[in-house]
Number of protein chains: 2
Amino acid sequence: MAAQRGEGDGVVTRPGETGAEAPADVRERARAIPEAAVARLAVYLRVLSGMVEQGVTTISSEELAGAAGVNSAKLRKDLSYIGSYGTRGVGYDVEVLVSHIERILGLTRKHSVAVVGIGNLGHALANYGGFPSRGFPVAALFDIDPDLTGVPVGGIPVDHIDDITSVCAEREVSIGVIATPPQAAQAVCDRLVSAGVQCILNFAPVVLQVPDYVEVRKVDLAVEMQILSFHVARRADEAAGDVVNGIGVDGVVIRP
Amino acid sequence: MAAQRGEGDGVVTRPGETGAEAPADVRERARAIPEAAVARLAVYLRVLSGMVEQGVTTISSEELAGAAGVNSAKLRKDLSYIGSYGTRGVGYDVEVLVSHIERILGLTRKHSVAVVGIGNLGHALANYGGFPSRGFPVAALFDIDPDLTGVPVGGIPVDHIDDITSVCAEREVSIGVIATPPQAAQAVCDRLVSAGVQCILNFAPVVLQVPDYVEVRKVDLAVEMQILSFHVARRADEAAGDVVNGIGVDGVVIRP
DNA sequence: TCGACTTTGTGCAAGCGTTCACAAGCGGTA
DNA sequence: TACCGCTTGTGAACGCTTGCACAAAGTCGA
């Protein structure tokens with residue numbers, strides 16, 4: 001969800017001027033896409049990529065929505081944010097849709113990734129095949145431990161964190177991934193920012209302080225677990241309540 | 001919305017009806033907490049835990065909100081969902097708040113975790129110290145590769161996935177983590193569900209189909225990257241547009 | 001060419017979640 | 001006790017998201 005962001009822009013889309021400029025059109029449209037819809041577009045893209053491999057050429061909103069786990073009306077609305085590329089009575093051309101979503105998500109450019117912190121998670125990320133195949137080559141690895149520097153991980157050499165500015169500039173890193181212990185996260189973040197990185201994916205359980213122009217997304221495993229824990233507890237309480245009150249509630253199943 | 005207001009002041013349970021049953025009150029309240037607020041409560045809890053270690057005993061909504069990266073009004077509303085445990089003119093007692101949030105999130109019980117798929121990510125999760133220390137002991141590891149079974153990872157033995165039902169029952173696993181390749185994810189999920197696991201954290205880039213009573217949360221790194229990519233693209237387009245139009249927009253900084 | 005059928009794209013209303021603004025309540029002080 | 005300053009808790013307004021329902025627009029067969 002919306003992590004920590006200053007979302008203060010409140011930019012007004014200007015209705016008049018769109019006239020001749022196609023780029024401007026894309027730009028205006030991209031700006032208007034709700035954050036929640038962007039996340040779903042990425043999911044649609046993944047599903048569609050699978051469809052392409054299966055040789056599917058056309059798909060209806062109903063089918064795609066089912067495969068993506070969303071309501072079909074929502075899916076159509078999401079797609080309408082990026083334009084009208086469907087054919088009524090038929091559906092969407094899979095390849096056309098893929099290319100438009102890729103364009104909107106900015107996947108036509110390469111986004112080189114730097115991973116900082118080569119511990120367990122850093123290793124996993126460096127070796128994770130899902131990034132390069134989706135247009136996010138891991139171009140640099142950093143750690144503070146001198147013993148690690150020089151030894152390649154997953155085919156990528158590890159640099160010392162003190163070289164972060166020059167290496168990031170040289171390899172055109174646009175996304176930084178923080179996989180360090182929490183104590184080091186803010187300092188690493190500051191270094192990434194001053195190295196010119198404007199997008200950060202943070203795995204450390206810390207709230208990062210960044211300038212407004214930097215985009216941070218966080219993945220906190222403990223928080224995810226605790227959300228699940230909440231649902232376990234809620235369910236247990238419901239069940240306990242039902243037993244106490246002697247009232248059965250429809251749809252509540254404890255064990256299938 | 002304005003469901004029942006929590007006028008039960010802290011210690012004293014409401015004198016009138018159902019004087020005996022505090023649990024029912026908690027249950028009703030827990031059910032009404034918005035999903036988004038639950039996620040933030042987990043963040044507040046982490047910040048508060050840090051405060052406890054620093055010896056802080058009291059904190060105002062403004063301070064806590066700052067540390068958690070949210071608006072103070074939102075924080076107060078979030079806390080109001082779990083009850084009124086602050087003191088006007090003073091703030092919140094840190095330890096009291098910690099214990100109440102832990103109770104609401106169900107952290108008073110242990111939630112044993114099973115990790116399925118001992119690849120790069122599975123290794124990282126098995127070795128990740130953040131889970132046990134937060135009440136989520138990793139109690140079981142599974143893989144389909146017979147060569148891996150028996151060899152412990154992070155001190156935990158790896159079992160074969162065929163034994164998932166008996167092992168999960170025996171070790172009272174309540175949360176399953178899927179860290180397998182995407183092709184295997186749905187099958188693993190089905191097995192977890194039939195083993196009685198009702199909460200699943202899914203790292204595989206697949207939309208899982210599960211019965212209604214099963215709670216799934218997904219962490220998709222590629223999706224996170226693509227959301228960041230979208231913002232990079234949007235920003236680049238804005239910058240390009242500004243140049244084209246010759247209009248500078250306040251607050252847009254390309255490189256600090 | 002026409003009509004039946006299918007599916008998109010979207011106006012609109014309902015539902016949530018966030019933010020504002022302020023009365024209520026508490027501790028400290030004289 | 002009475003007052004003052006500070007902070008909580010929350011009604012109410014606002015804005016974003018979702019889901020419905022249907023006109024518009026296309027295909028297909030006769």
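In this predicted model, the surface near DNA strand C draws on both protein chains: helix H3 (61–68), helix H4 (72–82) and strand E3 (91–93) of chain A, together with H2 and helix H4 (72–82) of chain B, each supply at least two residues. H4(A) gives the most to this surface, with five residues. In total, 28 residues surround DNA strand C, and the closest are A:Ser84, A:Gly86, A:Gly89, B:Pro34 and B:Gly89. Sorted by class, the residues near DNA strand C comprise 10 nonpolar, 10 polar and eight charged.

Turning to the other DNA strand, 31 residues lie around DNA strand D, of which A:Pro34, A:Arg88, A:Gly89, B:Gly86 and B:Gly89 come nearest. Here the elements that give two or more residues are helix H2 (35–53) and H4 of chain A, along with H3, H4 and strand E3 (91–93) of chain B. H4(B) provides the largest share of the surface near DNA strand D, namely five residues. The class breakdown for DNA strand D is 10 nonpolar, 11 polar and 10 charged residues.

How do the two protein chains relate to one another? At their interface, 62 residues of chain B are in contact with 64 residues of chain A. On the chain B side, at least two residues each are supplied by helix H1 (22–32), helix H2 (35–53), helix H3 (61–68), helix H6 (120–127), strand E7 (173–178), strand E8 (199–202), strand E9 (215–218) and helix H9 (221–245). Of these elements, H9(B) contributes the largest share, 17 residues. The side of chain B that touches chain A has 37 nonpolar, 14 polar and 11 charged residues. The copies meet through the same surface, because 95% of the interface residues of chain B are also interface residues in chain A.

Within chain B, six strands form an open sheet with parallel pairing, in the order E6-E5-E4-E7-E8-E9. Strand E6 (158–160) and E9 of chain B are the edge strands, each pairing on one side only. From one strand to the next, the twist averages 25 degrees. E7(B) and E8(B) run parallel and are joined by four bridges; B:Val177 has B:Leu201 in E8(B) as its bridge partner. Two helices that pack on this sheet can be described by what they touch. Helix H6(B) touches strand E4 (112–116), strand E5 (138–143) and E7 of chain B, and its direction makes about 160 degrees with that of E4(B). Helix H8 (residues 182–194) of chain B touches E4, E7 and E8 of chain B, with its direction at about 175 degrees to that of E7(B).

The axes of H2(B) and H3(B) come within 10 Å and cross at roughly 105 degrees, so H2(B) is roughly perpendicular to H3(B). B:Val43, B:Tyr44 and B:Val47 of H2(B) make the contact with B:Leu64, B:Ala67 and B:Ala68 of H3(B). By class, this contact has six nonpolar residues, with no polar and no charged residues.

Methods:
Residues numbered from 1 in each chain as written. Chains lettered and ligands numbered in written order. Predicted model: local features only at pLDDT ≥ 70, side-chain atom pairs only at ≥ 80, totals over all residues. Contact = placed C-beta atoms within 7 Å. Nonpolar A, V, L, I, M, F, W, Y, C, P; charged D, E, K, R; others polar. Near = placed C-beta within 6 Å. Pairing = 2+ DSSP bridges. Axes fitted to C-alpha atoms, helices over the stretch in contact; angles between N-to-C directions. Parallel < 35°, antiparallel > 145°, perpendicular 65-115°, else oblique.
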